[in-house]
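Thank you all for coming.

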Amino acid sequence: MWSLYGWLFNFIFLIAVISIIGYELMCLTDLEFDYINPYDSARRINMVVLPEYITQAVLCLSFLLTGHWVLCLISVPYLYFNLTLYLQRKHLVDVTEIYNQLSREKSQRLFKLGYLVILLVLSLFWLLWTIAGEEFD
Amino acid sequence: MGTENPGRPSFPATPFAAAPPTMTPFSNSGSVVGSEASNLRPMRPTVPPNTSPPMTAGPAGSGESPAFRPAPPTRYNDPSLPTPPSSYGPPAAGTFNRFPTPPFGSMPPGPPARAPVVGQPPFQPPPSQVSPPLSFRPQGQIPGVPMGSPPPGVNTPQIDSSFPASRPNFQPSFPPTVSGYPAAGASSQLPLPGYVKQSNAPFQAPQGPPVQSPFQAPPVGYAPSAPTPSPQFLSQQGGLAQAPPVASPYGLHSRDQIQHSSTMPPMGAMQGLIEDFSSLSIGSVPGSIDPGVDSKSLPRPLEGDVEPNSLPEGYSLNCNPRYLRLTTNAIPNSQSLVSRWHLPLGAVVCPLAQAPQGEEVSVLNFVSSGIIRCRRCRTYVNPFVTFTDSGRKWRCNICALLNDVPGDYFAHLDATGRRVDLDQRPELTKGSVEFVAPTEYMVRPPMPPLYFFLIDVSISAVRSGMIEVVAKTIKSCLDDLPGFPRTQIGFITYDSTVHFYNMKSSLTQPQMMVVSDLDDIFIPLPDDLLVNLSESRTVVEAFLDSLPTMFQDNLNMESAFGPALKAAFMVMSQLGGKLLIFQNTMPSLGVGRLKLRGDDPRAYGTDKEYSLRVPEDPFYKQMAADFTKYQIGVNVYAFSDKYSDLASIGTLAKYTGGQLYYYPSFQAANHSEKLSHELTRDLTRETAWEAVMRIRCGKGIRFTSYHGNFMLRSTDLVALPAVDCDKAYAMQLSLEETLLTNQTVYFQVALLYTASCGERRIRVHTAAAPVVSDLGEMYRQADTGAIVSMLSRLAIEKTMSSKLEDVRSNVHLRIVKALREYRNLYAVQHRLGGRLIYPESLKFLPLYGLALCKSTPLRGGYSDVPLDERCAAGFTMMALPVKKLLKLLYPSLVQLDDYLLKPSASADEFRKVMKRLPLTADSLDSRGLYVYDDGLQIVLWFGRMLSPDIAMNLLGPDAAAELSRVTLMERETEMSRRLMGLLKKLRESDPSYHQLCHLVRQGEQPREGFMVLTKLVEDQTGGTNGYVDWLIQLHRQVQQNA
């Protein structure tokens, strides 16, 4: 039963990270199509960058604590990537160069999104497996 | 060395216009014989039918001159041909009439024979003499008389035999040949005129007209055969020959060309070929001492920048190139073509470029009808729109939408479809116009011109005397500030605290308020920090008078630059305007303080190197973004004698469309003139306020990246808070569709701005360029100036993310790729194996590329240029218009002593006499006096053996002193007056900067070293390539995988 709660907990964080990434992507797309100006776009993105990193770190930790080693291992490279960006102080979007960085920032976030979706599918699968296992017990 | 073919003025544009049909086949022809033949078919019409047989039978071995060979390669099977040399044996038909081989008069000169082997008999004698490779040398060196009898055609066949071996210049296996060969090539050049005279004349007489006739067509380019070499032509031959055919009329490579010219009478085709490309034969073996290149005849932009004027007919309505220059005036029609054009594709725009008197952009006011724009793409009405439906509709030239003509703008069309009122409509006849914008183009009332000064008053600023100069200059400019009587002005000074000045007009003396809470800066007074100049004039003057004395005893060494910047932002954000920062001490207090991260020598050459050139603290970028948002343009004047991290501070200017002026180790005694001139210009030049610029272009293409000092407000909107005539912006194009179907694309630059008078205006420049499907045409229409400007911007941007060395090799690589692509178009076809070929339009590109690699932002490593200077030069070059950039890259060097000694020479006369010299130490004669002018500074170089008379006249008693301590001033001698007049003229010709004059005596190290010698870009200095080496290196790489 506890594992089920653990899963729910993980899911909340996973969904949170995905939605933050989605939000950032939305800001970038809006910028590309000229719906918002670079100042607003950069401000909105920069506002959620750190929450994204923290949520992801928590997710990673919670995978670890709930004993899902494989999922934790899968999300560690992501954590490492975020950490290096942060340490190089490149995690924030630069409003002055945002148009030159647009494609890179976008593809980076799209990649993250894909990564998270895979993680989501995997954990869903695992969850169902757990539930099924428990019912059989 | 052979030859090369600079564009000589006499033939330039005609060929294209004259013979377009013949051109195309060349340019898109591949290099393979077989395919060629088919490609060329279309050309046939221009070739008289009777010529084709000889061509097919040409003596050539397979693969040569495919372009001219209408016959399919199968013809080679002709028994007489398989081995060209062998074919000499049979002195087959006497068919040589077509060859310029008059001596063999015995041959029936008549038209009849096109034997398979053209010109065989005449060659028989020579082969015996000349065929071994070594014998080329004598041949080349004693060209005149001995060679008289074997006319140029002679070379061909023999070479044929020996050619494969001797051609590869870089093959070490033929050292003797190779080393001798270049020499031969070179020497053949000069003797040629003589040769022509001697040989041709005699032959012509006996031979009679029949012989000559075939050559009458080609003579243009073809020296040896030209029966009537014009004097002008000869002279060209001497130094710089024309086109490939001419290029090596005589050299080893010449065979095919000669053959072409002899067998290809059609004039158009011939000329077309001539104009097709230029070439330079570089023969050298690695390790040989003599590079084999005559450095005197290499192409040099001694005329300065030449704007492209070879635009085809029909583009005369384009705006002047000083406003908009495309890197190539032929837009590729497909992605694949773009990928084969290895140079940047785009435009360099200088929207407010200074127009000479009489050519100013006319200002139009559409009060009644409103500004006519396309409904869909918002293009402004321009000369390229077409009116239809008897004048009721107009078709947008950019998106092809049919728009209604407003009633007030309606005019009938005449029989040819032109509006009857065309001559009263400048917007329909001129490429550049300015519209007065109505209120819908304003988001707020037009702002007044606003100047805000942020002045460092710390001890080093006081000591350097900067404050005094600045105060004096500002005061002297108060009358000339644009926008009277609306102009606003304000001041903040800072050291470890921030000082505000209340300049309320009712006061007599300004009130100073000091804020020392740097963490939470606030404005002590809601208004009156920024005042109307005309109302508070006396207070402002009183302030400026007292400013130098106010702080003269200031011992404060700190600088609260960041907080002061924030304060200035708060004061200005209501209105926007121009912020001038005078910065002397490294920011050390409060937000935005910078570390002495220093000019760390260890960082150079590592992957971390670039981080020294990017701003350290995001504070400055953020501030710059905020400044732009509130329409504030920032100009930074930096004076520090120590490292002050201009990489960070300069971003303020970069992202606000401003400029960075750097005066390293400023001392009022030396630099005050420069500072006050440049500050005056900054304050008084016509400025466009709160501007935005957009460039529109036709369907299928899009501007994707923008390069320069500005910030993008949306994907294609350049925000320019304060812009003036000294700023240019570059943008790169990309194709959105795989294939462009339209014939022409149009570009329209629109700059919406507030003029100083308070009027909102839109300046519109429109230009058209043809779409081509042919790479050769793209290269032909290339504009070196724009390309170099673009390349340098890209390179400087790249220094922000990679090592200098990588950036330089990147520039090099781009040039190599472009030349290689171009070579692939022509080389095989024309058998130009050992030659460097390049389009006429790009003849200066290699040199500018070299100069770019040696320019201040890219040069050397740690020790070559101080980091601050490097960054400052980078910011400057990102903003310079094309002409000034080219002058900075390849400065002018002129010898003065002759002019000064000549009596009664006036300065105007000097313009004519003024001859720019190649930038190499060889140009400097130790008996001369030279002036070096790169647009930013002037250096007078005194030769060691300069006559003491001149030195005395110019310098007076200081002549013997060390020149670093001598300042040039006008003396009581005629010569001195004339020199000063001349310098004045030089400065007037380029007023955007003040060129300080430095004096250097030959041998006075290290001053001479860094002022002159390292700037001679053609010389080999400190591990960099000289021009000749650079070309050889380019050539070698072009040949690899070619």
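This is a predicted model: local features need pLDDT of at least 70, side-chain atom pairs count only at pLDDT 80 or more; totals for chains, interfaces and linings use all residues.

**A helix, a pair and the rest of the fold**

Let me begin with B:Glu988 and B:Lys984, which both lie in helix H34 (residues 974-988) of chain B, 4 residues apart, or about one turn of the helix. Helices here are DSSP runs of H or I with at least four residues, strands are runs of E with at least two, and both are numbered from the N terminus. B:Glu988 forms a salt bridge with B:Lys984, with 3.8 Å between the closest N and O atoms, where a salt bridge requires a side-chain nitrogen of Lys or Arg within 4 Å of a carboxyl oxygen of Asp or Glu. B:Lys984 counts as exposed because its relative accessibility is 53%; the cut-offs are under 20% relative accessible area for buried, over 50% for exposed and partly exposed in between, using a 1.4 Å probe and protein chains only.

Residues are numbered from 1 along each chain as its sequence is written, chains are lettered from A and ligands numbered from 1 in the order in which they are written, and side-chain values use heavy atoms, leaving out hydrogens and water.

Staying with charged pairs, a search of the whole structure finds 45 salt bridges over all chains. One of them joins B:Glu427 and B:Arg425 at 3.8 Å, N to O, and both of these residues are buried. Another joins B:Glu840 and B:Lys843 at 3.0 Å, and here too both residues are buried. There is also a network of salt bridges, which links B:Lys578, B:Arg681, B:Asp682, B:Arg685, B:Asp724, B:Asp726, B:Lys727 and B:Lys884.

Turning to chain B as a whole, we find 36 helices and 29 strands, and of its 1042 residues 63% count as buried. In soluble globular proteins, nonpolar side chains tend to be buried together. The largest nonpolar core in this model has 222 residues, and B:Phe491, B:Leu565, B:Leu579, B:Leu652 and B:Phe747 have the most contacts inside it. By nonpolar core I mean a set of buried Ala, Val, Leu, Ile, Met, Phe, Trp, Tyr and Cys residues joined through side-chain atoms within 4.5 Å. Helix H27 (residues 804-830) of chain B gives the most to this core, with 10 residues. Apart from it lies another core, of 33 residues, including B:Tyr315 and B:Phe366.

Finally, how many residues does each chain bring to the contact between chain B and chain A? Chain B brings 16 residues and chain A brings 12, with contact meaning heavy atoms within 4.5 Å. The area buried between the two chains is about 1,200 Å², of which carbon and sulfur atoms give 55%; buried area is the accessible area, taken with a 1.4 Å probe, that two parts lose on being put together, summed over both. The rule finds 1 salt bridge across this interface, and A:Asp94 forms a salt bridge with B:Lys621, the closest N and O atoms being 2.3 Å apart. Helix H22 (618-629) and strand S20 (711-714) of chain B each supply at least two residues of the side that touches chain A, and the largest share of that side, 7 residues, comes from H22(B).
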